[in-house]
Amino acid sequence: MSSAVFTLSGPEREAVLTPELAALTERHRAACPPYRRILDAIGARPPYERLADLPWLPVRLFKTHELRSVPEEQVFRVLVSSGTTGQRPSRIHLDREAAAAQPRMLAATIRAVLGPRRLPMLVVDSRSVVRDPTLSARGAGVLGMMNFGRDHTFVLDEQGRLDAEAVKRFLARHGGEPFLVFGFTFMVWLHLRGLGADLSQAVLIHSGGWKRLAEQAVGNAEFRRRLAAECGLSRVHNFYGMVEQIGTVFLEGPGGDGLYCPDFADVVIRDPETWQEAPVGVPGLIEVVSTLPTSYPGHVLLTEDLGVVRGVDDGSWPGKRFEVLGRLPRAEARGCSDTMGQG
Amino acid sequence: MPDDQRATTVDVRFPAGPSTPVEELLGGTAGGLRVGDERVREFLAAFGRRLLRPALARRHPELGSLGFFLRPSELARTVDGLSGEHVRVPRGLVFHVPPANVDTVFVYSWALSALMGNRNVVRLSRRSGTVAGTILETLHEALAEADPVIAATQRVVSYERSDAVTAALSAACDLRVVWGGDHAVREIRRHPLAPHARDLTFPDRSSFAVVRAAAWLCAPRAARVTTAEGFVNDAYWFDQAACSSPGTVFWVGAEGDCEAARTDFTGHVARVLTARGWGVDAAMAVEKRVSTYGLAADGLAERVEFHGNALACVRLPAAAPPPRRWLGAGTFAHARLAALAELAPLVERRDQTMTHFGFGRDELEELARGLAGRGVDRMVPVGGALSFHRVWDGVDLPAEFTRLVTVVR
C-alpha cells in the first residue's frame, strides 16, 4: 500500500532534505526579521552538513511571538491552536501557496493507508463538534479528516451518547467493503470497543495523544490488541502532528511498529542535556522538520514531546520509525512572586 | 477538595488542633504580650537553635539561615534598636499571607511580629512544601518547653480558598501583611480592613547585580571564586525566582575590561555550578530556550550563549531595558555601563535588591540618594541577596509591627 510519500530511506532523506531545509532556513532568515535576530544571537550560520545541524526553534515561540516570512498583505489564513488554559494559542501564518500545499501533502500522506478513493467514513465523535461556531481543535481535526471520507456517519449523537442505530445502518450499507474510521485516540478507546460491531473491513486513523489512556495504563500495544480482539479491527494507524507544522503528519506504519515520516519530513531526537542527536533507542525531545512551512519559520521545530527512534530502514516503510513517549511537564519556579491569594 | 467560598472553618496547624470556625479562632487568641517579650524571645531562640541542628541545616540550608536570624543576640539587637522617646506597643492582631512556595518567608514575617508582642494568624498555603512541614514540627518541639502565652497568642492556619475566612480575618486584624506578588496583593485587597487597620504589602520585585569590571579583574582568584559562589547562591537557591535573586548583571567600566571580566566571571560561575552539581531538568532547559530566543526575536538580546543547560547568558544591546520577568532558572542578562551613575535612568520602582562587587560605600550611598526612592531598596554584596533583614523592601518591619504611644508629663 506504500504510496509516493513513504519512499525515502534514512540516508536518502538526509541527502534530499538537508539542502532543501538549509535553503529554507536562509530564506526565512532573509524574510523574517525576528527569526534572523534569533539565528544571529545564537550564532547559527551555514553550512549545515546534516539535518541535526540545522538551528531549531522551540515550538512554543509561535505562542509568544508572531513569526512569519511573508508580508502581512500576503497572509491568506492564520491558524490558531487550541492552546491549554492560561496560555496564548499558537498563530501560524499561511500564504496562498502554503495554504494550498498543506492539504495536498496531508492527503498524499493519508492516502498511503486509505488508497486513492474516498471511503465511507465513520467518525467516533458527535456531529456537534464540527458545528460549533468556535471550532475546537478536536472539531477542526474531525473536519480536516472528513475530506478523506464520504457518507459520514457519527458514532455519537448530539448529546454525546452512543448512537448504535446509526452505526448499524452504516455497517449494513458499507460493512462489507473497506471503510474509514476516524477519531481521537481516547474517544476510540472509550466508544468503539463497546459497539459490538464487526469492524474487520475498517481502516482506523486516530490521533490526539495517549495521556488519558496512559492514566489507565493502556499503551499502543494494548490498544491495538484489544481493538483487534474485540472488533476485528487490525488496520490501525495512529498519527502525530501539530498545527505549527500543519500538513505534516507522522503516520503509524501497517505493522504498528512506529510512526513514520513522509518524504518531505523527518524527526531528530535530541538529548535534552547535550542537545546532540540521541542514538536509536535513546529517548529525548522530538524535533520535527518539514519542507512545508514556507510562509513561517516552522520548518525545524523542537517540540515539548519526548520520543525515541526505534529503528531506521528496518520496518514496514523506509526511514526512521519512532514513538512518542509523552509530554514534558511545564517548568515551574518556586519564587516569591506567587499567587497565594489563589490558595 | 472543592473550594467553598463560604466555608468558615480553618485547619489549625500551630498549635496543632482541630478544624475550627474562624470566629472561634479569633475569639480564642488572647493578648498579653509586650514588645520584646522575654517569653517570645525564649521561644524564638529555642526554635532557632533547633533549626541550626547540623542534620537539618544540611538538608535545608534555608533553615540554617533562618536559625541564624533567630539567634538571641540578633533578637536583642532588633528589640534594642527600637528605643526612642515614645512608648512602643504591639499593633494587636496581625494577619500574615505569605507566598505559597517560599516556605521560610512566613517565619521571618511572623517571628518579627511575635517579637513585637503581637497576636498573629499566619495563613499557610496547603501547597507549601516539605520545608514548611519541617518548620511546623520544629515549632511544636519548641512549644513544648515554651510559656503557655505562646500557644495562646500565635496561630498558623490553612484553609481551602474561602472568601469568607479571608474576609473575617481581614476585618478582624489590625495589620495585614501580604507577601507573594502583585496578583496576591490585588486578590487580598478585595477584602476590607477595619478603618484603623492597614496593609503591609510585598508585591512583585526584580533584582540585579552590578560589578565594577576593573575591580573584578584585579581581585585575587580566591575572592573571585567566593564571589561566584555567592552569586550562585543568590540566583539558584530559589530557581532565580526569588524577588531578590539577580536577573541582570551590569558591568561597569571600559568595554575591554567589561568583556574580559564577564568572560572570567561566567567561567567561574560555570565551574561553581559544575562543582556543586547544579543542573536544570529538561523542562527548565526548554523554558530557558523559549525565553532567551524570545528576547532575541524582540531585539533584546544581541547574543545568547549556553554553558550547559544550567547557565544561559544573554547580552543586551546598548541602552536596552533589562528584562525583569523570570526567564528560567540560571538565565542572566549582561549589559555594560560606562559609570555607575548610568544605572539611574534604568532603575524602576520594581527593582528591589542590587547586589554589588567592587564599589565603595560612598558611591553606593550617592547612587541611593540619586535614585531618590524611584527603586532599589537594598544594596548588598554579591552573595547576600537572600539574607533576610528586618528592614526589607524599604520597610522597617519591627517599626511597622508596633505603634507608638506619646507620653508627655
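These legends walk through close-up views of a predicted model. Local features need pLDDT of at least 70 and side-chain atom pairs count only at pLDDT 80 or more, while totals for chains, interfaces and linings use all residues. Residues are numbered from 1 along each chain as its sequence is written, and chains are lettered from A and ligands numbered from 1 in the order in which they are written.

View 1. Y48(A) sits in the loop between α2 (33-42) and β1 (57-58) of chain A; helices (H or I, at least four residues) and strands (E, at least two) are DSSP runs, numbered from the N terminus. Leaving aside residues up to four places away in sequence, Y48(A) touches T18(A), A22(A), D53(A) and L54(A), where contact means C-beta atoms within 7 Å.

**View 2. Where chain A meets chain B.** The contact takes 30 residues from chain A and 44 residues from chain B. On the side of chain B that touches chain A, α14(B) gives the largest share, twelve residues.

**View 3. The open sheet of chain B.** Seven strands follow the order β2-β1-β6-β5-β4-β7-β8, with mixed pairing (two strands pair if DSSP finds at least two bridges between them). β2 (16-21) and β8 (198-201) of chain B stand at the edges, each with a single partner strand, so one side of each has no neighbour in the sheet.

**View 4. β4 beside β7 in chain B.** Four bridges join these parallel strands, residues 93-97 and 175-178 of chain B. Look for F95(B) opposite R176(B) in β7(B).

Conventions: Two residues are in contact if their C-beta atoms, placed from the backbone, lie within 7 Å.
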